[in-house]
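Thanks for coming. I will take you through one structure, starting with a single chain and then turning to the contacts between chains.

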Amino acid sequence: MMADELVNVTIDGLPVSVPKGTTIIEAAKMAGILVPHYCYHPSLSSPAVCRMCLVEVEKAPKLMPACVTQVAEGQVVNVDNEKAKKAREGVLELLLINHPLDCPICDQAGECELQNYVFQEGRAGTRYTEYPKRYSPVEDFGPDVLYVPNRCILCTRCVRFMEEVAEEPVLNVSERGDRAYIGIAAEQLLDHPWSGNVVDLCPVGSLISKDFLHKARAWDLDKTASVCPGCTQGCNITIDTRDDVVVRLRPRPNLEVNRHFMCDYGRMNYRWMNRGDRIEAPLIREGTRHMATDWDTALDRMGQLLRGISGPAAILATGRASTESLGLVRRMLSRLSVTAVVQVPTGEEAPLAGVPNLALRAERAANLAGAELLGYQADWEEGLRALPAAGLVIVLDADLSQSEQAMIAAAPASVVVMSTILPEGLRNAELVLPITTMAEENGTYVNRDHRIQRYNQAKSQPGMARPAWWIAGEVIAGPGPSPSAPATAAEAFELLGEGWPIFSGISYADMGYTGLVLGESSDARRERQPADLGAQ
Amino acid sequence: MSGAGQQGQVPAKQVEAAGQEHASAHGGHDTQTAPYERVFKRERLARLDQLFTKYPTKQACLLPALWMVQEARGWISEPAIGEVAEVLDLTPAYVKGVVTFYTMYHTHPVGRHFIQVCTTSPCNICGAEDVVKALLVATGCGELGATSPDGRFTVIEVECLGACGFVTPVLIDDDFIESVTPENVPGILQRYQ
Amino acid sequence: MGYPHPSHPKENPVLSKHFGDPEARSFDGWVKRGGYEGLRKVLRMSPEAVIEEIKTSGLRGRGGAGFPTGLKWSLMPKPDGRPHYLVCNADESEPGTFKDREIMRWTPHQLLEGCAIAAYAIQAERCYIYIRGEFTDPFQIMQQAVEEATAKGALGDNLLGSGKRIEVILHRGAGAYICGEETAMLNSIEGKRGNPRIKPPYPAQAGLFGMPTTINNVETLAAVPHIVIRGGEWYKGLSLSNPKSTGTKLISVCGHIQRPGNYEVTMGTPMKELIYDMCGGMRPGRTLKAVIPGGSSVPIMSAAEADECLLDYEGVVAKGSMLGSAGMIVMDDSTDMVYQIWRLARFYAHESCAQCTQCREGTAWSTRILERILAGKGKQEHFQLLLDLSDNMTGKTICVLSDSCAAPIVSGIQKFRHEFEAYIQGARVPAMAAV
């Protein structure tokens, strides 16, 4: 890829040099120009059927589809001139003639590519006034997907996704001409573990999610770049919130990890982010009761506890804890001998056949790799075995069964709960410190390929909750004003390099929005990123 | 709705009425109440195996396989689509997408004798529509796409049959009949019981 | 010849010489009539030499595109281990065209010999003949002919003792005009929906099953044995007007004409000679109003234009239309032009494969507008709307089906506007009920 021949073209007056073989639509992206399109998608084949991307190529007799026409040396392309605009206006008019005036009730409104292009360059009014529009009832493709045939523009992205990427051709184009629609085999369900992606791929509101149906308007949503906390794959996602409630997760493009997709398990697994039964304030045990207190008092008490401990410590951590939190909590106990374990629930693996190295992983712990790099083991039993001998047990938001809670409660150790939800069986814990979920903080996860990726705060911290790394940082810095304690996740991350060299020399800025592979040199990284060209 | 796309489609109520009892001219077909019987057994399975030698992929045998089903049963049902998918290593959705593309495959039962009349312009200007009217009356179908009450006939309009010099051409089952006029319609229909 | 009519002296029956003669159907009958001599000769030539002969002849694709056949064959790459394929386009569905059916049902061996020679020239061992599903008789006749030819060694593993192998496989279509488009045909043979493919890649590079493929029309291939036997120069010499249009063409004359049928004429024959001399002219009391010369996908010609038109590729273009498949639809003064244009639009709307937005929606919308006009609900704005739609449907799609829908509409409005006006202004009784 390094020695690629470059081709020089001019697009709407802007010169750009791109590798030989690049399509005009991708070359235009590199020049910062969006060629309007529907059926084209960088992760699917290009059938060139929507005809929206027709551009003028000087000296060519007809308008050329930008999605399949390769650049040629010296080519002059016009995307925004009269001819191309008129052609687009024509396509839009034709797409609208049978399209229902559903915008007021259609989920896609506000993030609809038909709306967008029509507002940009469609006709102001319709000429299709004398005829009934084509009508078919809504179909339930199940389990989560509804198909609204009236809105369908037959771009066939959904059919191609199921065929080429999921490699399970369960959708088809049925019939012919203007009677065509997307069909599914009789008695078949769209239940492939990655089928939810067809809803994202659909440019209009034809394939919609039942889970999101009528929940929120796109323009009411705040969108935050994040990483899926579901498994060790580390798909990049966007968390959509409305009035501080997470209403939807969507995949975010990362050509190195998940291309443009996420699995249905990860997609639907967000309700826990909205739980209201959170620990509101730090709690100190006074006798048999927990008293709410302020952070200063709680942190002082933590410091006291640590100074008074002899004997080993045990950390029982959730697999969803951030690298920063896992690292600093460990450092907080550096004086002690520690058994640190990370919880890894398992489930069935579900690969996305058409994309290399992409699957819903059996290990449902987003930061398993990060935890292991920080000296945590995935052996949960080992952690439980360490309980009787431990002087201090820190429960770092682990999801504990009744019997596990009983074991911890029965152990002679002092128990500190640093969690989001207070386990019922740990009412004798010395200290209960409310922490944020990954949706309420900045942080990083390391995925199974040792790619460290940032996630951002999508909703506000409830009550007095703080990130676990902040708590540990403050405890480490000691009482009183502590300028050395990290104030941001980025600062917390930079502290990790001291104890764990694999994290040294990297900053949040280096990770950007698509992460980087730990231990890889920047040269190797450049070589490995051919497909990034033209990526968002 | 306009005429575009109405050809070959049978109104749902007619399907229900016509579906159950009628055997097509091609010899026996599965009703909607009896359990599905496989098409590709013995002789037809042997023919299918022969077919595999003519094409480098199983997928390419799809159109010929669908013809074999229609020859055997008179139409292509959902279970048949499933069977074809199975023997060709395709998915039912894929097969269905192909079946619904090509207008000669029936996806529901039709009359014992299926009548296709060309009414595209060359035949149209030479009286094809009168032939259609005559057929609708003589068969008792009354309207296009409907099956006659005695289950004998279904009449549809089709596009150019490629015999424009021999107006009006009519396809009845596999018989390509040239020069049909309103006058010779009754005589022609006699041959089809 | 204009079967079922006897050959007219002004015809030049090369391909159609034996139409109507049942004996010509059998292998022996065909051999008696000079059959398979061409194949015998070709087996002693190099494939390149065969291609040269076809190039010399000036033979052009008879399915409608008129692309030089010798050139098309020479675009096949040098054999590199990948199988080459020949596909014979016998999907004949262009309204007005009915010549390929005649070639297949009267002279199946003429076609088979042409296929064998072509396959030899492009170094293919397999030839698929795609016959439309409705051609039940021609399919059976071709099937029998293939069996006979194989039994007699003219097809199969050891062609006439040459050691060469050419297999012909008949593939039955299932009712889709669009499968006559060459790349849609390839998809149909592969067991897919008959969607045309984007080009590039061209079939010669990546065609059937991704392999180098040449697709030729029935009439084109039927001419090949004659060219091989009588020489490319002879064929080239059959040209009455433009030297770029050589040989004979089967014109399928239909509609309002005394003697409809297939007429084989030398390229450059005046259209009025065909209509009035060979076909017997109009029905009693009628005058010519319009001619659609190339199958319905070409602009409609007025009677005046037809009067001065020469029947070859360039001649028809000079009069504002195209020779196409030469399915000549003759319309006299009894014809309701608006109604027939509507009927053609309805045809295209029915046959659209649904890939391209302009074709899928535009053909249907155009049909609806024409229905409004015919129902007496037409408006002046409909003219501009139809022309705008036609402009959208031209030059912007993967294949030319939508262009073909636009052609009768644009030329119809251009040359028969008064008929549209009559409906719009209520001067004419509506031809259909409003929907």
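What percentage of the 536 residues of chain A count as buried? The figure is 49%. Please keep in mind that this is a predicted model.

Staying with chain A, its C-alpha trace spans about 85 × 55 × 40 Å along the principal axes. The secondary structure of chain A comprises 15 helices and 25 strands. There is a division into domain 1, residues 6–80, and domain 2, residues 283–518. Taken over C-alpha atoms, the centres of domain 1 and domain 2 of chain A are 49 Å apart. As for contacts within chain A, take those with a separation of 6 or more: 63% of them are between residues 24 or more positions apart.

Now the interfaces. Chain B touches chain A through 11 residues, which meet 17 residues of chain A. On the chain B side, helix α5, residues 92–99, gives the largest share, with 5 residues. By class, that side of chain B has 5 nonpolar, 4 polar and 2 charged residues.

Chain B also touches chain C. Here the contact involves 39 residues of chain B and 53 residues of chain C. Which elements of chain B give two or more residues to its side of this contact? They are α3, residues 62–73, α5, and α6, residues 121–124. The largest share comes from α3 of chain B, at 4 residues. The side of chain B that touches chain C divides into 23 nonpolar, 13 polar and 3 charged residues.

That is the end of my part.

Notes. Residues are numbered from 1 along each chain as its sequence is written. Chains are lettered from A and ligands numbered from 1 in the order in which they are written. This is a predicted model: local features need pLDDT of at least 70, side-chain atom pairs count only at pLDDT 80 or more; totals for chains, interfaces and linings use all residues. Two residues are in contact if their C-beta atoms, placed from the backbone, lie within 7 Å. Ala, Val, Leu, Ile, Met, Phe, Trp, Tyr, Cys and Pro count as nonpolar, Asp, Glu, Lys and Arg as charged, and the others, Gly among them, as polar. Domain bounds come from an automatic or database domain assignment. A residue is buried if 20 or more other C-beta atoms lie within 10 Å of its own, exposed if 12 or fewer, and partly exposed in between; C-beta atoms are placed from the backbone.
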